[in-house]
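We will start with the whole chain and then walk from stop to stop.

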Amino acid sequence: MQWTKQDTKQYLPEKQYVDTVLIPLIPFDPASEQKMIQEAFQRELIQIFTNLIEKEYRGRIFLSPEYHYLTNQHEEEITRVNKWIEHFQQQPFEHIFLFTLDPKWKRYESRLIGHLLWIPGKADGDLQSTETQSFVKEQVKQVNELIQAYW
């Protein structure tokens with residue numbers, strides 16, 4: 001289920017069966033031209049990842065809206081991310097996963113209320129290439145196994 005009107009209307013009466021939320025963490029820095037392309041690519045890659053995971057577990061996982069933060073502002077974002085998580089816990093979601101390609105979040109993992117799913121991503125590439133598609137499929141398989149371990 002995704003953050004759409006149709007899915008949310010379906011979620012509300014069935015929420016006792018949807019115990020997991022997946023929050024994509026998206027860095028961006030519009031002031032840095034050199035990072036804009038890389039971060040836009042990573043956002044698209046995260047969308048592919050999270051949509052595949054949500055599709056695999058539709059009816060069990062709720063895909064949150066993307067959480068955007070300024071690049072290299074992790075310390076400042078801890079409180080805000082945790083506030084998001086607290087609001088999701090009120091639904092109540094039992095399992096909360098934060099999905100990111102940004103390795104810097106690993107430094108702050110112990111301060112996050114949810115479980116961090118960090119995937120070593122690609123800095124750039126072609127989303128339609130066989131190499132990228134294979135990379136995504138293999139990583140999604142591993143993430144799915146990790147999520148299942150928490151259930």
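**The whole chain**

Begin with everything selected. A compact globule of 151 residues would have a radius of gyration near 15 Å, and the protein chain has 15 Å, so the two agree; this radius is taken over C-alpha atoms, and the globule rule is 2.2 Å times the number of residues to the power 0.38. What you see is a predicted model, in which local features need pLDDT of at least 70 and side-chain atom pairs count only at pLDDT 80 or more, while totals for chains, interfaces and linings use all residues. Residues are numbered from 1 along each chain as its sequence is written, and side-chain values use heavy atoms, with hydrogens and water left out.

Turn the model around: along its principal axes, the C-alpha trace spans about 45 × 35 × 30 Å. Now colour by secondary structure. You will find four helices and five strands, which are DSSP runs numbered from the N terminus (helices are H or I, at least four residues; strands are E, at least two). Starting at the N terminus, their order is α-β-α-β-β-α-β-β-α.

Of the 151 residues, 43% are buried, where buried means under 20% relative accessible area, exposed over 50%, and partly exposed in between (1.4 Å probe, protein chains only).

**Into the cores**

Next, select Leu22, Leu45, Phe49, Ile53 and Phe99. Within the largest nonpolar core, which has 21 residues, these touch the most other members. A nonpolar core is a set of buried Ala, Val, Leu, Ile, Met, Phe, Trp, Tyr and Cys residues joined through side-chain atoms within 4.5 Å. At least two residues of this core come from each of β1 (20–28), α2 (33–56), β2 (61–63), β4 (95–100) and α4 (130–150).

Which residues does phenylalanine 49 touch, not counting residues up to four places away in sequence? Show its surroundings and look for Phe99, Leu101, Ile119, Phe135, Val136, Gln139 and Val140. Contact here means heavy atoms within 4.5 Å.

Then select Met1, Ile78, Ile85 and Phe93, which are among the 20 residues of a second, separate core.

**Two buried stops**

Go to serine 64, in the loop between β2 and β3 (67–70). Is serine 64 buried or exposed? Serine 64 counts as buried because its relative accessibility is 5%. Leaving out residues up to four places away in sequence, serine 64 touches Val21, Leu22, Ile23, Pro24, Trp84 and Phe88.

Now find leucine 116 in strand β5 (residues 115–118). Leucine 116 is buried too, with a relative accessible area of 9%. Try the distance tool: the C-alpha atoms of leucine 116 and isoleucine 23 are separated by 9.6 Å, although the two residues are 93 residues apart along the chain. Apart from neighbours within four places in sequence, leucine 116 is in contact with Leu25, Leu98, Thr100, Trp105, Lys106 and Glu109.

**Two backbone details**

Select glutamine 91 and proline 92: the peptide bond from the one to the other is cis, with omega near 0 degrees. Proline 92 sits in the loop between α3 (74–89) and β4.

Finish at asparagine 72, in the loop between β3 and α3. What is the phi of asparagine 72? Phi is near 65 degrees, a positive value in a residue other than glycine. Asparagine 72 counts as partly exposed, at 41% relative accessibility.
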